[in-house]
Amino acid sequence: MVLQFVKSTKGNNMLLHDRFIHKKESISGEKIFWKCVNFNKSKCPGRVHTLDEEVVKSTSHNHVADAANTEARKTINQMKTAAEDLQITTRGVLAIAAEGTSCAAAGRLPSVLSMKRTVQRIRKQKEGAPTTSKSLMELVIPDEYLQDSRGKPSFLFDSGPGEDRILLYSTERNLSYMEHSRH
Ligand SMILES: [Zn+2]
């Protein structure tokens, strides 16, 4: 059986087995060990070992599978994948995500507005990511990269195009930390 994965919020693959979600725990040779995502929350002993894309061992869980949560995660994954296809409208992407989602899982999804923002963010990254510049001579930094997430300027210094161009990225706050630090 082909292994099934869902993406974590950080974009890592999580193994879906028997309707339970597992995080990667460790790797030993070709074998991958996975632990239940409830490992911390309810000290669940559920583990899966995979080898060559196959489950070779699995232990039982101390809780029931949260089918709605698993389904909601799958839906979000689908939505994120669809969002990367710029041919589909944002509305279309949300429709794809909603299609076939049960009421129980829909209740676990973020709000429509929040999902719409996620889709728009993915598309903006896809459309607006600066193309890889061949050299510092050509590098042009788009305005949106000149601010940090709170809208504060993060780009402080550019010595200008040249062979030994110096770009300094920081925030004013960080610089002030450095200035007042004793080391
Ligand atoms: Zn478990």
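The protein comprises six helices and eight strands, helices being DSSP runs of H or I with at least four residues and strands runs of E with at least two, numbered from the N terminus. The structure is a predicted model, in which local features need pLDDT of at least 70 and side-chain atom pairs count only at pLDDT 80 or more, while totals for chains, interfaces and linings use all residues. Residues are numbered from 1 along each chain as its sequence is written. From the N terminus, the order of elements is β-β-β-β-α-β-β-α-α-α-α-β-β-α.

Of the 183 residues, 13% count as buried; a residue is buried if 20 or more other C-beta atoms, placed from the backbone, lie within 10 Å of its own, exposed if 12 or fewer, and partly exposed in between. Contacts are assigned to pairs of residues whose C-beta atoms, placed from the backbone, lie within 7 Å. Among contacts between residues at least 6 apart in sequence, 37% join residues at least 24 apart.

The largest nonpolar core consists of six residues, namely Met79, Ala83, Val93, Ala97, Met115 and Val119. Such a core is a set of buried Ala, Val, Leu, Ile, Met, Phe, Trp, Tyr and Cys residues joined through C-beta atoms within 7 Å. At least two residues of this core come from each of helix 2 (67–83), helix 3 (90–98) and helix 5 (112–128). When neighbours within four places in sequence are set aside, Met79 is in contact with Val93, Ile96, Ala97, Met115 and Val119. A second, separate core has five residues, among them Phe20, Ile21, Cys36 and Val37. In soluble globular proteins, nonpolar side chains tend to be buried together.

Helix 2 and helix 3 pack at an angle of about 155°, and their axes are 9 Å apart; axes are lines fitted to C-alpha atoms over the stretch in contact, with angles from 0 to 180 degrees between N-to-C directions. Helix 2 is therefore roughly antiparallel to helix 3, given that angles under 35 degrees count as roughly parallel, over 145 as roughly antiparallel, 65 to 115 as roughly perpendicular and the rest as oblique. In this pair, Thr75, Gln78, Met79, Ala82 and Ala83 of helix 2 meet Val93, Ile96 and Ala97 of helix 3. By class, the contact of helix 2 with helix 3 has six nonpolar, two polar and no charged residues, where Ala, Val, Leu, Ile, Met, Phe, Trp, Tyr, Cys and Pro count as nonpolar, Asp, Glu, Lys and Arg as charged, and the others, Gly among them, as polar.

The axes of helix 3 and helix 5 come within 10 Å and cross at roughly 120°, so helix 3 is oblique to helix 5. Thr90, Val93, Leu94 and Ala97 in helix 3 meet Val112, Met115, Lys116, Val119 and Gln120 in helix 5. Six nonpolar, two polar and one charged residues form the contact of helix 3 with helix 5.

Arg123 also belongs to helix 5 and is partly exposed, with 17 C-beta neighbours inside 10 Å. Residues up to four places away in sequence not being counted, Arg123 touches Ala83 and Leu86. The C-alpha atoms of Arg123 and Thr90 are separated by 9.0 Å, the two residues being 33 residues apart along the chain.

Gly29 lies in the loop between strand 3 (20–28) and strand 4 (31–36). Gly29 is exposed, with 6 other C-beta atoms within 10 Å. A C-alpha separation of 9.4 Å is found between Gly29 and Leu51, 22 residues apart along the chain.

Definitions and conventions. Two residues are in contact if their C-beta atoms, placed from the backbone, lie within 7 Å.
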